[in-house]
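This briefing goes through a protein model by topic. Look at the structure first, then read the points below.

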Amino acid sequence: MKKIKITINDKPYEVDDGQTIMQAADKLGFRIPRLCYHPKLSIEGACRVCIVQVEGMRNYVASCAYPVSGGMKIQTNTEEIRQARRDIVELILDNHPEDCHTCERDGVCELQRLAHLTGMRHRHFEGEKKHYDKDLSSSSVVRDPNKCVLCGRCVRLCSEVQNVFALGHAHRGFRTVVVPAYNMPFKDSVCTACGQCINVCPTAAFVEKNFTQELYPKMGDTSLIKIAQVAPSVRAAIGEAFGLEPGRTMELQTVAALRRLGFDYVFDTQFSADLTIMEEASEFLERLQGKGKLPMITSCSSAWMKCVEQFHPDFLENISTCKSPMSMMGAIIRTYFAEKIKKRPEDIVSVAVMCCTAKKYEAARPELMVNGLPGVDMVITTREIAWMIKSAGIDFVNIKGENFDEPLGLSSGAGAIFGTTGGVMEAALRTAYELYTGETLMDIEIQDIRGLKGVKVGKVVMDGKEIRVAVAHGLGNASKLLDEVRRDPNKYHFIEIMGCPGGCVGGGGQPYAGSNSIPLDEECLKKRAEALYGLDRSKTIRRSHQNPDIQRIYKEFLGRPLSATAHRILHTHYQAKKPCGIIPRELQVR
Amino acid sequence: MIQTDDVKLTELKNFMAEIKKRERSESQLIAILHKAQELYGYLGNDVMDEIAATMNIPTAHIWGVATFYHYFNLKPKGKHVISVCLGTACYVKGAAQILETIKKELKIAIGETTQDRFFTLEETRCLGTCGLAPVMMIDDKVYGNLTSKKVVEILHSLAHEHE
């Protein structure tokens with residue numbers, strides 16, 4: 001790379017050619033304030049917050065969009081540019097509601113931080129406020145255009161990363177608004193409920209549908225048995241909501257906190273992840289022997305399931321019939337466990353603590369009902385449960401850890417890694433290999449399918465038969481992978497797809513990026529994933545089929561994998577959907 | 001000439017097929033929306049869905065373009081479009097009163113269409129015929145030196161023409 005000489009704030013530096021002013025400045029330790037910019041998205045240059053002065057230029061330039069060149073003299077922090085930047089932020093804020101103290105993102109708001117950072121201490125302008133109704137139609141995501149600053153990060157993320165294209169800018173000028181096509185309610189749109197718009201939104205224009213206030217009255221009802229289940233990736237990220245570094249595992253503290261909140265039983269979704277593996281690995285082996293279509297594709301990710309139903313119905317037969325671990329746990333709680341504690345299924349409140357907003361949508365799917373009841377009554381995200389813990393005055397960081405409850409609380413290392421991209425595949429192969437060959441798989445860490453590459457491929461050899469697998473995370477990568485399969489249907493035997501970048505650890509319900517981080521930061525995702533891999537390594541049992549409580553539930557209740565009982569309560573089916581505002585497939589794979 | 005919807009759809013499809021032969025055909029969206037509006041008089045959701053599927057453009061994006069430009073109608077318009085000039089000269093000469101009279105007579109607000117889809121009421125800025133102020137246009141014909149009485153007569157005569 002060619003080196004060029006520039007000056008920033010009168011100091012000389014040598015930097016690589018072919019990058020923007022912002023990129024060069026970032027590497028030199030100058031973090032120019034910014035809003036609409038995100039390194040994973042295309043450059044829009046819409047907000048003008050990142051302006052700098054360049055000698056010889058008549059106007060300020062947006063550093064996110066302007067390339068460096070030899071001899072360039074850049075000023076990032078003069079009185080003049082500070083004033084201009086502050087004015088820009090003030091103008092962005094002048095029609096923003098002044099309701100920080102009642103806003104869901106108070107204290108974790110990027111816009112608040114930006115106003116503070118740029119030194120806004122007065123409001124000079126009093127602009128006209130926006131008056132839109134909130135879109136409360138979706139079971140997962142709430143859209144509040146009054147809080148939108150039109151940075152466009154959600155629009156670009158939904159299009160460029162997820163290839164869902166649910167959102168666009170409509171109308172113009174002051175009336176510009178981010179909406180689904182035809183201004184239709186979110187629930188009718190192509191939105192997959194992945195919640196990544198919430199993660200990238202700098203304000204509360206997108207938040208999850210919050211169920212905490214519905215949960216409290218149930219928690220206070222002594223006639224009900226309150227049961228929580230906790231997804232793997234919640235424990236890998238919840239610490240961040242309490243100011244801890246990403247990657248700190250808070251497994252046992254989460255259990256202790258949930259008990260203090262009043263849950264009678266705290267179960268581990270990792271247990272039902274093991275159960276999923278028993279069913280899914282067995283299903284895969286059946287398909288491998290000719291009973292069913294290959295490649296088999298995983299079905300754990302709720303956003304992915306909505307995506308496949310509406311955009312890729314030609315793959316419905318390839319989708320595993322297994323319910324997700326959350327829904328399997330819900331089904332087991334309503335049947336096996338209700339019977340064990342001699343309670344009526346309807347007297348149980350089944351709450352799932354998830355990293356995910358799409359799980360809220362999944363929980364409400366009618367086809368997942370068990371004997372007329374939903375397996376899961378309510379899904380609470382990592383953010384919501386962190387708030388409940390704080391609000392209840394529980395000292396989460398210092399609390400003494402407690403273990404999950406029996407008999408649905410013991411899990412293998414394979415269950416733990418479900419939360420990261422490649423984890424389900426790795427877990428399934430650990431079991432499928434041993435069920436198929438009857439031998440022990442020596443090398444159980446499958447490095448090829450770990451990490452944050454968009455599409456990963458690997459293979460294992462079972463009794464001389466080569467099994468080719470592929471893993472994609474993020475719906476955009478999923479589309480690319482499926483297109484590859486359309487061209488060559490025999491290329492892979494088994495495919496794992498997760499709707500969110502990084503898998504569940506990067507879910508739409510995870511804690512907001514802190515003041516020193518950015519949404520979807522890869523370093524943060526890696527640390528969360530590493531927390532789960534660490535949990536896996538720390539366990540003596542690392543294969544789902546060796547989990548003694550899994551063996552027990554088959555002995556006492558399910559019989560064997562894919563039995564009639566298992567089929568009745570642990571499996572489901574999916575149907576093609578046609579939402580309004582179609583997205584042509586050709587575009588999906590572009 | 002009255003065209004059936006099938007004929008219109010075929011013409012729109014042929015138009016898009018021609019455009020698809022060109023490079024970067026997705027950048028021709030505005031031309032396609034113009035064509036659709038020319039055929040249907042407005043841009044309905046089903047027509048925009050059709051364009052999305054054929055041209056490979058997300059509907060959310062099409063909706064963005066269709067709402068950005070005032071020229072595009074998202075709702076069907078009446079047989080006759082009334083545009084009342086609210087430019088300075090007309091305003092001084094009592095355009096507001098003219099507008100009020102039409103609103104009252106047709107029982108619709110600006111931007112709305114009568115239930116029988118006969119009249120659509122719009123406002124416009126200077127039409128360049130200030131000597132005739134206050135003026136309005138109905139379709140492509142200018143009516144000048146308006147009074148409330150005259151406006152009602154014009155509306156009635158158009159309505160009778162219909163009968």
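Two residues are in contact if their C-beta atoms, placed from the backbone, lie within 7 Å. The model is predicted.

**Helix 9 and helix 11 of chain A**

- Helix 9 (residues 269–288) of chain A packs against helix 11 (residues 325–340) of chain A, with the axes 8 Å apart and at an angle of about 100°.
- Angles of 65 to 115 degrees count as roughly perpendicular, so helix 9 of chain A is roughly perpendicular to helix 11 of chain A.
- From helix 9 of chain A, the residues A:Thr269, A:Ser272, A:Ala273, A:Leu275 and A:Thr276 take part in the contact.
- They meet A:Pro325, A:Met326, A:Met328, A:Met329 and A:Ile332 in helix 11 of chain A.
- The residues of this contact between helix 9 and helix 11 of chain A comprise seven nonpolar, three polar and no charged.

**Helix 15 of chain A**

- Helix 15 of chain A is mostly covered, with 11 of its 15 residues buried.
- Among the buried residues of helix 15 of chain A are A:Glu426 and A:Arg430, along with A:Val424, A:Met425 and A:Leu429.
- The cover over these buried residues of helix 15 of chain A includes helix 9, helix 14 (413–416), strand 17 (455–462) and helix 17 (522–538) of chain A.
- After helix 15 of chain A comes A:Gly438, which has a positive phi, near 75°.

**Nonpolar cores**

- The largest nonpolar core has 191 residues, and A:Cys154, A:Cys197 and A:Val353 have the most contacts inside it.
- Helix 11 of chain A provides the largest share of this core, eight residues.
- Leaving aside neighbours within four places in sequence, A:Val353 is in contact with residues including A:Ala228, A:Val230, A:Ile380 and A:Ile385.
- A second, separate core has 16 residues, including B:Ile82, B:Ile98, B:Leu106 and B:Val135.

**Where chain B touches chain A**

- In total, 13 residues of chain B are in contact with 17 residues of chain A.
- Helix 3 (45–55) and helix 4 (59–68) of chain B each supply at least two residues of the side of chain B that touches chain A.
- Helix 4 of chain B gives the most to that side, with seven residues.
- The residues on the side of chain B that touches chain A divide into six nonpolar, six polar and one charged.

How values were computed
Residues numbered from 1 in each chain as written. Chains lettered and ligands numbered in written order. Predicted model: local features only at pLDDT ≥ 70, side-chain atom pairs only at ≥ 80, totals over all residues. Axes fitted to C-alpha atoms, helices over the stretch in contact; angles between N-to-C directions. Helix = DSSP H or I, 4+ residues; strand = E, 2+ residues; numbered from the N terminus. Parallel < 35°, antiparallel > 145°, perpendicular 65-115°, else oblique. Nonpolar A, V, L, I, M, F, W, Y, C, P; charged D, E, K, R; others polar. Buried ≥ 20, exposed ≤ 12 C-beta atoms within 10 Å, placed from the backbone. Core = buried A, V, L, I, M, F, W, Y, C linked by C-beta atoms within 7 Å.
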